[in-house]
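Here are my notes on this model. Please read them with the structure open.

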Amino acid sequence: MKKQFLLLLITFITFNCYSQIAFEKGYYIDSTNQKTNCLIKNIAWKNNPTEIEYKLSENSQPKKLTIASIKAFGIDNISKYVRSTVNIDRSSQVVHNLSEDKNPIFEKEALFLKVLVEGKAILYQYVDSNLNRYFYSKDGSNIEQLIYKRYKITDNNNIGTNNRYKQQLLVDLKCPLITLSKIENVEYKKMNWSAYL
(Lines give C-alpha, C1' and ligand atoms only; values in the text may rest on other atoms or scores of the structure.)
Protein backbone atom coordinates (compact mmCIF):
# COMPACT_ATOMS: atom_id res chain seq x y z
CA MET A 1 0.00 0.00 0.00
CA LYS A 2 2.80 2.45 0.88
CA LYS A 3 4.60 1.66 -2.39
CA GLN A 4 1.42 2.28 -4.40
CA PHE A 5 0.84 5.58 -2.61
CA LEU A 6 4.45 6.64 -3.20
CA LEU A 7 4.23 5.70 -6.89
CA LEU A 8 0.96 7.63 -7.22
CA LEU A 9 2.49 10.66 -5.49
CA ILE A 10 5.57 10.63 -7.76
CA THR A 11 3.36 10.29 -10.85
CA PHE A 12 1.19 13.22 -9.70
CA ILE A 13 4.21 15.44 -8.99
CA THR A 14 5.85 14.56 -12.32
CA PHE A 15 2.62 15.19 -14.24
CA ASN A 16 2.05 18.46 -12.39
CA CYS A 17 5.59 19.70 -13.17
CA TYR A 18 5.28 18.89 -16.86
CA SER A 19 1.77 20.28 -17.16
CA GLN A 20 2.94 23.72 -16.03
CA ILE A 21 5.11 24.12 -19.12
CA ALA A 22 2.78 25.49 -21.77
CA PHE A 23 2.77 27.41 -25.02
CA GLU A 24 1.48 30.89 -24.24
CA LYS A 25 0.56 33.92 -26.32
CA GLY A 26 3.59 35.97 -27.25
CA TYR A 27 5.64 37.27 -30.14
CA TYR A 28 9.10 37.39 -31.61
CA ILE A 29 10.86 40.02 -33.69
CA ASP A 30 13.20 38.68 -36.35
CA SER A 31 16.41 40.21 -37.69
CA THR A 32 14.46 42.22 -40.29
CA ASN A 33 12.31 43.79 -37.52
CA GLN A 34 9.23 41.78 -38.52
CA LYS A 35 7.01 40.99 -35.55
CA THR A 36 5.28 37.60 -35.52
CA ASN A 37 2.53 36.81 -33.04
CA CYS A 38 2.77 33.21 -31.93
CA LEU A 39 2.68 30.83 -28.98
CA ILE A 40 5.96 30.55 -27.08
CA LYS A 41 6.86 27.66 -24.83
CA ASN A 42 7.04 29.19 -21.37
CA ILE A 43 9.57 27.19 -19.41
CA ALA A 44 10.03 29.91 -16.77
CA TRP A 45 13.72 30.28 -17.61
CA LYS A 46 15.94 30.23 -14.55
CA ASN A 47 18.84 31.22 -16.81
CA ASN A 48 18.49 33.60 -19.71
CA PRO A 49 17.69 31.56 -22.82
CA THR A 50 19.71 31.23 -26.01
CA GLU A 51 16.77 29.88 -28.01
CA ILE A 52 13.00 29.63 -27.87
CA GLU A 53 10.43 27.09 -28.97
CA TYR A 54 7.28 28.46 -30.60
CA LYS A 55 4.16 27.50 -32.56
CA LEU A 56 2.18 29.63 -34.98
CA SER A 57 -1.08 28.05 -33.77
CA GLU A 58 -2.24 25.53 -31.15
CA ASN A 59 -2.24 22.70 -33.71
CA SER A 60 0.99 23.50 -35.55
CA GLN A 61 4.29 21.74 -34.96
CA PRO A 62 6.74 23.46 -32.59
CA LYS A 63 9.80 25.13 -34.11
CA LYS A 64 12.93 26.61 -32.59
CA LEU A 65 14.56 30.00 -33.05
CA THR A 66 18.04 30.84 -31.81
CA ILE A 67 19.50 34.07 -30.52
CA ALA A 68 21.15 34.60 -33.92
CA SER A 69 17.80 34.77 -35.74
CA ILE A 70 15.67 36.96 -33.47
CA LYS A 71 16.07 40.41 -31.92
CA ALA A 72 13.46 40.09 -29.19
CA PHE A 73 10.63 37.97 -27.90
CA GLY A 74 8.02 38.17 -25.21
CA ILE A 75 5.28 36.23 -23.52
CA ASP A 76 2.24 38.45 -22.98
CA ASN A 77 2.08 39.90 -19.44
CA ILE A 78 4.87 37.57 -18.25
CA SER A 79 8.30 38.35 -19.68
CA LYS A 80 10.20 40.18 -22.38
CA TYR A 81 13.74 39.55 -23.66
CA VAL A 82 15.87 41.58 -26.05
CA ARG A 83 19.03 40.52 -27.84
CA SER A 84 21.98 42.82 -27.39
CA THR A 85 25.70 42.62 -27.90
CA VAL A 86 27.07 43.89 -24.61
CA ASN A 87 30.25 43.98 -22.56
CA ILE A 88 29.75 41.58 -19.67
CA ASP A 89 31.99 40.85 -16.72
CA ARG A 90 31.75 37.16 -15.81
CA SER A 91 34.08 37.40 -12.81
CA SER A 92 33.14 34.91 -10.12
CA GLN A 93 31.51 36.10 -6.90
CA VAL A 94 32.44 32.86 -5.12
CA VAL A 95 34.99 33.66 -2.39
CA HIS A 96 37.66 31.09 -3.32
CA ASN A 97 37.46 32.11 -7.01
CA LEU A 98 37.69 35.89 -6.58
CA SER A 99 40.29 37.74 -8.62
CA GLU A 100 42.65 40.35 -7.20
CA ASP A 101 41.55 42.92 -9.78
CA LYS A 102 38.77 45.23 -8.61
CA ASN A 103 37.98 46.28 -12.19
CA PRO A 104 35.55 44.30 -14.33
CA ILE A 105 37.03 42.09 -17.03
CA PHE A 106 34.70 42.63 -19.97
CA GLU A 107 33.98 40.25 -22.83
CA LYS A 108 31.71 41.19 -25.72
CA GLU A 109 28.78 38.76 -26.08
CA ALA A 110 25.40 38.59 -27.78
CA LEU A 111 22.85 37.81 -25.05
CA PHE A 112 19.13 37.77 -24.45
CA LEU A 113 18.57 40.25 -21.61
CA LYS A 114 15.37 40.11 -19.59
CA VAL A 115 13.58 43.45 -19.34
CA LEU A 116 12.74 44.18 -15.69
CA VAL A 117 11.69 47.85 -15.76
CA GLU A 118 10.81 50.07 -18.73
CA GLY A 119 10.60 53.84 -18.78
CA LYS A 120 12.99 56.61 -19.81
CA ALA A 121 15.59 54.23 -18.51
CA ILE A 122 15.39 50.45 -18.91
CA LEU A 123 16.73 47.88 -16.47
CA TYR A 124 17.74 44.43 -17.74
CA GLN A 125 18.85 41.24 -16.03
CA TYR A 126 21.12 38.43 -17.17
CA VAL A 127 21.33 35.15 -15.23
CA ASP A 128 23.57 32.20 -16.06
CA SER A 129 23.73 29.67 -13.19
CA ASN A 130 25.32 31.60 -10.29
CA LEU A 131 26.14 34.63 -12.44
CA ASN A 132 23.69 37.50 -12.01
CA ARG A 133 24.27 40.80 -13.84
CA TYR A 134 22.16 43.91 -14.31
CA PHE A 135 22.31 46.24 -17.30
CA TYR A 136 20.67 49.54 -18.14
CA SER A 137 20.10 51.95 -20.97
CA LYS A 138 18.72 55.48 -20.97
CA ASP A 139 16.89 57.29 -23.77
CA GLY A 140 17.89 54.68 -26.36
CA SER A 141 21.59 54.66 -25.44
CA ASN A 142 23.75 51.54 -25.63
CA ILE A 143 23.07 48.95 -22.98
CA GLU A 144 25.74 48.95 -20.25
CA GLN A 145 26.38 46.68 -17.31
CA LEU A 146 25.86 48.08 -13.83
CA ILE A 147 29.21 47.30 -12.21
CA TYR A 148 29.39 45.23 -9.06
CA LYS A 149 32.43 43.07 -8.34
CA ARG A 150 33.87 41.40 -5.26
CA TYR A 151 37.65 40.96 -5.26
CA LYS A 152 40.49 39.82 -3.02
CA ILE A 153 42.61 42.41 -1.29
CA THR A 154 46.06 40.79 -1.43
CA ASP A 155 47.68 42.49 1.56
CA ASN A 156 45.38 41.07 4.22
CA ASN A 157 43.19 38.43 2.49
CA ASN A 158 40.10 40.60 2.96
CA ILE A 159 37.38 40.98 0.37
CA GLY A 160 36.72 44.31 -1.29
CA THR A 161 33.70 45.36 -3.31
CA ASN A 162 33.56 47.54 -6.41
CA ASN A 163 30.12 49.21 -6.13
CA ARG A 164 30.43 51.43 -9.20
CA TYR A 165 26.77 50.70 -10.06
CA LYS A 166 25.76 53.24 -7.40
CA GLN A 167 27.76 55.97 -9.10
CA GLN A 168 26.36 54.93 -12.50
CA LEU A 169 22.80 55.26 -11.19
CA LEU A 170 23.48 58.60 -9.53
CA VAL A 171 25.25 60.17 -12.53
CA ASP A 172 23.30 58.66 -15.44
CA LEU A 173 19.83 58.76 -13.94
CA LYS A 174 19.68 62.33 -12.71
CA CYS A 175 16.34 63.01 -11.12
CA PRO A 176 15.17 64.94 -8.04
CA LEU A 177 13.77 61.70 -6.58
CA ILE A 178 17.13 59.91 -6.82
CA THR A 179 19.27 61.13 -3.95
CA LEU A 180 22.67 60.00 -2.73
CA SER A 181 21.14 58.52 0.42
CA LYS A 182 18.67 56.47 -1.62
CA ILE A 183 21.41 55.21 -3.94
CA GLU A 184 23.64 54.22 -1.03
CA ASN A 185 20.94 51.79 0.13
CA VAL A 186 20.40 50.11 -3.26
CA GLU A 187 21.69 46.55 -3.24
CA TYR A 188 22.86 44.72 -6.35
CA LYS A 189 19.93 42.33 -6.47
CA LYS A 190 16.49 42.06 -7.98
CA MET A 191 14.06 44.36 -6.22
CA ASN A 192 11.61 47.12 -7.00
CA TRP A 193 13.90 49.25 -9.19
CA SER A 194 11.03 51.36 -10.50
CA ALA A 195 11.77 53.99 -7.85
CA TYR A 196 15.16 54.57 -9.48
CA LEU A 197 14.39 54.29 -13.20
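**Notes on the salt bridges and strands**

1. R90 is partly exposed, with 33% relative accessible area. Partly exposed lies between buried (under 20% relative accessible area) and exposed (over 50%), using a 1.4 Å probe and protein chains only. A salt bridge here is a side-chain nitrogen of Lys or Arg within 4 Å of a carboxyl oxygen of Asp or Glu.

2. This is a predicted model: local features need pLDDT of at least 70, side-chain atom pairs count only at pLDDT 80 or more, and totals for chains, interfaces and linings use all residues. Residues are numbered from 1 along each chain as its sequence is written, and side-chain values use heavy atoms, leaving out hydrogens and water.

3. D128 and R90 form a salt bridge, with the closest N and O atoms 3.1 Å apart. D128 sits in strand β8, and R90 in the loop between β6 and β7, 38 residues apart. Strands are DSSP runs (E, at least two residues), numbered from the N terminus. D128 is partly exposed at 30%.

4. E118 pairs with K80 in a salt bridge, at 3.0 Å between the closest N and O atoms. E118 lies in the loop between β7 and β8 and K80 in strand β6, so the pair ties together parts 38 residues apart in sequence. E118 is exposed at 52%, while K80 is partly exposed at 26%.

5. Strands β1 and β2 run antiparallel, joined by eight bridges. Pairing requires at least two DSSP bridges between two strands. G26 stands opposite C38 in β2.

Conventions:
Helices (H or I, at least four residues) and strands (E, at least two) are DSSP runs, numbered from the N terminus.
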